[in-house]
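I opened my notebook to go through this model piece by piece. I want to record what I looked up, entry by entry.

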Amino acid sequence: MGLVGLGAVSAPAVAAVRAAQGKVLRVGDTVDAHNPEVVAEHYFLQRLTALSDGRLTGHVYPNAVLGSHDRMNEQLRNATLEVAKTSVANLEVYDRRLGVFALPYAFDTRQRLYAAQDGPLGRRLAAILEGHGLRVLGWFDSGERNIYNTKRALHEPADLRGLKMRVQSNQIMIDTFNTLGAQATPLDTAQIYSALQQGVVDAAENSLTFYVQQHHNEVAKYYSYTRHFFSVDPLLVSDRWFRAQSAADQDAILQAGREAQNKERELWLRSDEQYLGAARQAGSHLNEADTAAFKKAVAGVYARHRSTFGTLLDLTDWR
């Protein structure tokens, strides 16, 4: 049945028919369904359906149902997946300059980070990604990253010495934690809980929201505010798939991405406040670390990688 002659049919019924006739996108993620990023991905699809007049709709697949970040990134490049959220740490394999957001203490405040993402730095990185078949829809904020572990509170870099530290598969992060005296151990997100529980690693690092939502606070009771990274997770669309869409639908996809980015940033700020109380109630030990000492200790990371990033470093706060 076509849409002609549906004047007497209710608006929800018309929308249902349009959705049935439209294209159904899959949006992949690795985190819990309650994570602010996944909530924002649902919002992205809601706005996309509205902006495309029902021509584009979709479903979100959290909890690594569609695979790891690396696997989904390759699916995007091959146009066998339409949209996915990834981590900048998993993009360095395509171009080492994409690791700039993974540099420790690169931005002084979240507001400075947002300005860089929405300005020249974000545009330059987006252009690099397009050259690898990945188009940025938005820069999601996945929180201020801090270290949590099963052994002790961390106050200064020396307290990290000897800890087996889970890190993402990113050379900057590996170098950062080895420089701080830990034993950097790359592991996929889905492996962290069991690795902490079984002693494969002693520590990991992520936002407070992630720490509680992924239940890592059950096995790693010490959470120390080292504030070493602001975590950045781009929402990406397959460039090959995107280019195959009509001009109107391309505009709708980009607009929905911008709106989802802004919504996600708001959600994340509220989320960390919520999970601070949850972590305390569950018995986590939270403490402030000497961030000035940590920043001084990682200066060598910049010295070793300066040639990789060139003028991109001028667009960060590192001095």
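**Entry 1**

Helices (H or I, at least four residues) and strands (E, at least two) are DSSP runs, numbered from the N terminus. This is a predicted model, where local features need pLDDT of at least 70, side-chain atom pairs count only at pLDDT 80 or more, and totals for chains, interfaces and linings use all residues. Residues are numbered from 1 along each chain as its sequence is written, and side-chain values use heavy atoms, with hydrogens and water left out.

I looked up α2 (residues 36-51) and α10 (residues 247-281). Their axes come within 8 Å and cross at roughly 150°. That makes α2 roughly antiparallel to α10. For this term, angles under 35 degrees count as roughly parallel, over 145 as roughly antiparallel, 65 to 115 as roughly perpendicular and the rest as oblique.

I also noted that the crossing of α2 and α10 is right-handed. A crossing is right-handed if the near helix is turned clockwise from the far one by less than a right angle, and left-handed if anticlockwise.

Next I listed who meets whom, with contact meaning heavy atoms within 4.5 Å. The α2 side includes Y43, F44 and L48, and the α10 side includes A256, L267 and W268. By class, this contact of α2 with α10 has 13 nonpolar, 3 polar and 5 charged residues. Ala, Val, Leu, Ile, Met, Phe, Trp, Tyr, Cys and Pro count as nonpolar, Asp, Glu, Lys and Arg as charged, and the others, Gly among them, as polar.

**Entry 2: helices α6 and α12**

I turned to α6 (residues 171-179) and α12 (residues 299-309). They pack at an angle of about 165°, with their axes 10 Å apart. That makes α6 roughly antiparallel to α12. Their crossing is right-handed. I172, D175, T176 and T179 of α6 make the contact with V301, R304, H305 and F309 of α12. I sorted these residues into 3 nonpolar, 3 polar and 2 charged.

**Entry 3: strand β4**

How many residues of β4 are buried? I found 16 of the 16 residues of β4 (residues 134-149) buried, so the strand is largely enclosed by the rest of the structure. Buried means under 20% relative accessible area, exposed over 50%, and partly exposed in between (1.4 Å probe, protein chains only).

Then I checked its partners. Two strands pair if DSSP finds at least two bridges between them. β4 and β8 (residues 222-238) run antiparallel and are joined by 12 bridges. V136 has L236 in β8 as its bridge partner. β4 and β7 (residues 203-206) also run antiparallel, with 4 bridges. There, N149 is bridged to A203.

**Entry 4: loop residues**

N63 has a phi near 55°. N63 lies in the loop between β2 (56-61) and α3 (69-77). Its relative accessibility is 44%, so N63 counts as partly exposed.

Y105 is not a glycine, yet has a positive phi of about 55°. Y105 lies in the loop between β3 (83-85) and α4 (110-117). Is Y105 buried or exposed? Y105 is buried, at 10% relative accessible area.

Last, I found Q191 in the loop between β6 (183-186) and α7 (192-198). Q191 is partly exposed, at 39% relative accessibility. Q191 and R152 are 39 residues apart in sequence and 22 Å apart in space, C-alpha to C-alpha.

Technical notes: Axes fitted to C-alpha atoms, helices over the stretch in contact; angles between N-to-C directions.
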